[in-house]
Amino acid sequence: RMAEAAQSRVQNAIKDFINTLDRTKLRSYEREMHLCAAHCCEDSSADVEDVHRCVEKCQVPAQRAQQYVQSELERFQDMLQRCVLQCQDDVKDKVSPNTPEAEIRKYRGEFETCAIACCDKNVAKLPGLLDKVKASFDSGAL
């Protein structure tokens, strides 16, 4: 079905978005975090609390970067959901308890067309979002 194909396009686009960000930005944060944490363990005279504090400090930039990406993805998914809910509301306004089955089928088709358009419209926004997120990383804002 067309709706399933649209849903699949959204999922694939999000997966590509995450993979691109991981390769180009997040992975270096992960690497730095692990190198930093390994360095924390080199001081054999440090007590356990100091080592833990050091390791936790190393985790902060990677966690902040992950949270930022997560919040942008949630915002993206909220926009998509709001669009689909608007489609649903538009169709619900046309249906009453005595709407004939043939008309209900027509409205179901309208809803599906609208929901597919939402998917495509939002997938088209991902490249711009990717640029925005990369720019935030590049600016050192994180």
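User: Hello! What should I know about the model before I start?

Analyst: Welcome! This model is predicted, so local features need pLDDT of at least 70 and side-chain atom pairs count only at pLDDT 80 or more, while totals for chains, interfaces and linings use all residues. Residues are numbered from 1 along each chain as its sequence is written, and side-chain values use heavy atoms, with hydrogens and water left out.

User: How are two packed helices described?

Analyst: By the angle between their axes and the distance between the axes. Here, helices are DSSP runs (H or I, at least four residues) numbered from the N terminus. Axes are lines fitted to C-alpha atoms over the stretch in contact, with angles from 0 to 180 degrees between N-to-C directions. In this model, the axes of H1 (residues 2–40) and H2 (residues 48–92) come within 8 Å and cross at roughly 170°. That makes H1 roughly antiparallel to H2; angles over 145 degrees count that way.

User: Which kinds of residues make up the contact of H1 with H2?

Analyst: There are 22 nonpolar, 3 polar and 1 charged. Nonpolar covers Ala, Val, Leu, Ile, Met, Phe, Trp, Tyr, Cys and Pro; charged covers Asp, Glu, Lys and Arg; the others, Gly among them, are polar.

User: Where do nonpolar side chains tend to be in soluble globular proteins?

Analyst: They tend to be buried together. A nonpolar core is a set of buried Ala, Val, Leu, Ile, Met, Phe, Trp, Tyr and Cys residues joined through side-chain atoms within 4.5 Å. Buried means under 20% relative accessible area, exposed over 50%, and partly exposed in between, using a 1.4 Å probe and protein chains only. In this model the largest nonpolar core has 23 residues, and those with the most contacts inside it include Phe17, Val69 and Val133. H1, H2, H3 (101–123) and H4 (126–138) each supply at least two residues of this core, and H2 gives the most, with 8 residues.

User: What is Val133 in contact with, leaving aside neighbours within four places in sequence?

Analyst: Val133 is in contact with Phe17, Leu21, Tyr68, Val69 and Glu72, where contact means heavy atoms within 4.5 Å.

User: How is a pair of aromatic rings described?

Analyst: By the distance of the centres and the angle of the planes. Rings of Phe, Tyr and Trp (its six-membered ring) pair if their centres lie within 6.5 Å; planes under 30 degrees apart count as stacked, over 60 as edge-to-face and the rest as tilted. This structure holds 2 aromatic pairs. The centres of Tyr29 and Phe137 are 5.4 Å apart and their planes lie at 70°, so this pair is edge-to-face. Tyr29 is in H1 and Phe137 in H4, 108 residues apart. Tyr68 and Phe137 also form an edge-to-face pair, at 6.2 Å centre to centre and 70° between the planes. Tyr29, Tyr68 and Phe137 form one aromatic cluster.

User: Is Tyr68 buried or exposed?

Analyst: Tyr68 counts as buried, at 14% relative accessibility. Phe137 is buried at 7%, whereas Tyr29 is partly exposed at 21%.

User: What does Met33 touch, leaving aside neighbours within four places in sequence?

Analyst: Met33 is in contact with Cys58, Gln59 and Ala62. Met33 lies in H1 and is buried, at 13% relative accessibility.

Conventions: Angles under 35 degrees count as roughly parallel, over 145 as roughly antiparallel, 65 to 115 as roughly perpendicular and the rest as oblique.
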